[in-house]
Amino acid sequence: MTPTATATAPSRRRGIPGRRLFDAIAGPHGIDRYLEQISPTLVIGECRAEVVAASRGTTDSVTLSLRPNRAWGGLRAGQFVQVSVEIDGVRHTRCYSPASPEGSGRELEITVKRHPEGLVSNFLVDHAQPGMVIGLSQADGDFHLPDLRPDSILLIGAGSGITPLMAILRTLCAEGHAGPIALIQYAPDPDRTIYRQELDSLAAENPNFRLTRSYTRAPGAGELDGHFSPIHLPQADPNFATAETFACGPPALLDAVRGTWANGLERRLHVESFVPPSLSPIGEPGTGSIRFSSSNLEVRNSGASILEQAEQAGIPAQSGCRMGICHTCTCRKLSGTVKNLLTDEVSAAPDVEIQLCISAPLSDLVIDL
Amino acid sequence: MSTTTESQIPLTPEQIESFGEELDAIRQRVLADRGESDANYIRKVIRAQRGLEVAGRGLLWAGVFPPAWIAGTAALSLSKILDNMEIGHNVMHGQYDWMNDPALSGKQFEWDNACPADQWRHSHNYMHHTHTNIVGKDRDIGYGVLRMSEDQDWKPYYLGNPAYATLLALFFQYGVALHDLEVERLTTGEAKLADKRELISGIWKKVRRQTLKDYVIFPALSGPFFLFPLAGNATANLVRNVWSFTIIFCGHFPEGTHEFTEEETENESRGEWYYRQLLGSANLSGSRPFHILSGNLSFQIEHHLFPDLPANRYAEISTEVREICERYGIPYNVGPLGKQFGSVVKKICRLALPDRKGRGSAQLPPAGLEGEEKRVPIAA
């Protein structure tokens, strides 16, 4: 699962006494480049986590317990983190929403579901094991429980969009929340229902928690049938009109939910979009647009190299050899697909460095320039 | 070569094109094959460097005991050599950018050298690697102080060539640091000091930080015995300076390497560019540890053909490159360190004096392919 927002929070530097002296002594590489040689999680300026448990409930998913290092600043129930793993020498980063409750100590829990084409999800489902160290960002995102807990709460989740809701639900149950909590869980069928047993027992233990399931491919198996519809609401939660509502799932669910919470109700609605990680499409050369994010400029793609297009737009891009040798023009591609003009290699992954002078766009692009 | 009339490639345009394609194919293959083993390799070298540095500084802290001083200085010298050559130089070329690891990003890396990394990237990655051995454009030819080519007109100043070279070797990191300043163009008035403020402030900051670390903080940690780490650190810097000077000067200046004029290299094709890189570079033969300590610049030819391929691949590529050169009749300059450096020293001394008649510049290699009549100028 992948929240569409991207984290921007830099790793926080804790106030380590004498940090400046340490950095002067450890310069120019910095103290972390030495500490990581002792243990990769010993670094102080960068968040990393060790996998302490990996349980595979199904062949298609793995639930990881992570122990972050001291750089970790904690998270609020519902927020997401970016997880980085190295596969065949290349670092890849994806967003995951931890399902662990707030204030549960330092450990985090994330569930990774296998996507047929997903490089990172397949790698983690197949290879994650205790002892493995992964990169972690600080928690980010506005989708979380307010500090002043609302009395009445409605949660709507579909598929793996249940994860941040699980963090919210677990937090409320652990805090002994007294107000009514309702959850409508959308899943294909009972076998493909994430957190099924735990939700059932939470519902049995907490009389104020009302659990309703709607199966989209198993009519009659749950209390409700089919995808989200406003008519599900009265049956699932008598307080739905006044409840603070948190919805997470694929775009279709969120569109339906937003349509229902209109006309002044939207201030009680919080949504987070979960879509499977998808690579940018490959288009025709010379179509689409290029957005230079730092310059806040967007140009129509002319088909020329990105360096030439940046220069034509008046952006003072650094450059040197203009033939792919010197790497002076290297920039981060935040999203989109490009073709390497020397090798014809196509790069569709987000957040990777490319050489502007020998790259041409094959789709809409966002470049950090 | 020194005059344009001589500047002919003993290959037909078709041959030079297929020569370029063969080299492109090598590059392509290695690019597709990069992966975990390359990542493991550079991390292993980094681990060794960090270990040697910590051990070296630890031993020098107790440097009042002679065995500790000797071992500490040796370890720190090796650490600085690895840091500059196999790690810094290669990482800053972007050889490991594909790993997407911020700690190995060519644009962000900083090294233990007086030259600020961003200035190095400009003077080396761009200026030197794009304009390799073009007299007047490649400032690595003599670093603005030496006469390393007949194409540089002789002046009485150059009588000091051997002395300048010795000084440059001893203080090489500062020579490299001043590289982008173009001091010789400042003295002739071609460049203005006012335009160089930013560069000077960058160099000053970097030198200050490095001086503070090597010559103040670490010696101070030894209290009354501060002189021992101070001397050890100075020696390690000196060893690194002389070593990198030696390796780098063996890369482009042994007998048989060629220089080019700007006119010759206008509108070069990719094949012609490869050809110039080949003629302008020379390799060093040696053992695997020697190659690692040279930052694999012992494979200067392969490095100049493919500056952004991971350097640990140059050894395997070199047999193919050599075979291709043999087939096209292009000279492949390789020799042991002693021989290559000897010829560099000879050149430094010879060029201190005015050119004698009949002893001009190196000639272009003879036509490599028998019966080949047609030749094209390098910038056809």
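Over which residues of chain A does pLDDT stay under 50? I looked this up before anything else. The stretch is residues 1–14 of chain A. The model still has 42 contacts beyond four places in sequence for it. I note that pLDDT is the predictor's confidence in each residue, from 0 to 100, and that a contact means C-beta atoms, placed from the backbone, within 7 Å. Where pLDDT is low, the predicted coordinates should not be read in detail. For chain A, the mean pLDDT is 88, and 92% of residues reach 70 or more.

Ground rules. This is a predicted model: local features need pLDDT of at least 70, side-chain atom pairs count only at pLDDT 80 or more, and totals for chains, interfaces and linings use all residues. Residues are numbered from 1 along each chain as its sequence is written, with chains lettered from A and ligands numbered from 1 in the order in which they are written.

Chain A against chain B. I find 21 residues of chain A in contact with 34 residues of chain B. On the chain A side, H1 (19–26), H2 (32–38), E4 (90–96) and E18 (352–355) each supply at least two residues. H2(A) gives the largest share, 3 residues. Helices (H or I, at least four residues) and strands (E, at least two) are DSSP runs, numbered from the N terminus.

Helix H4 of chain B. I checked residues 117–130. At 1.5 Å times one less than the number of residues, the 14 residues should span 20 Å, and the end C-alpha atoms are 18 Å apart, which agrees. Of these, 10 are buried, so H4(B) is largely enclosed by the rest of the structure. Buried means 20 or more other C-beta atoms within 10 Å of the residue's own, with C-beta atoms placed from the backbone. Among the buried ones are B:Trp120, B:Tyr126 and B:Met127. The buried residues pack against H3 (66–92), H8 (197–221) and H12 (300–305) of chain B.

A sheet in chain A. I traced 5 strands in an open sheet, ordered E14-E13-E20-E15-E18, with mixed pairing. Two strands pair if DSSP finds at least two bridges between them. The edges are E14 (297–300) and E18, each pairing on one side only.

Strand E20 of chain A. E15 (330–335) pairs with E20 (365–368) in the antiparallel sense over 3 bridges. A:Arg332 has A:Asp368 as its bridge partner. E13 (289–292) and E20(A) pair in the parallel sense, also over 3 bridges. There, A:Ile290 stands opposite A:Leu365. Which face of E20(A) is covered? I find A:Leu365 and A:Ile367 on the covered face, and A:Val366 and A:Asp368 on the uncovered one.

Methods: Contact = placed C-beta atoms within 7 Å. Buried ≥ 20, exposed ≤ 12 C-beta atoms within 10 Å, placed from the backbone.
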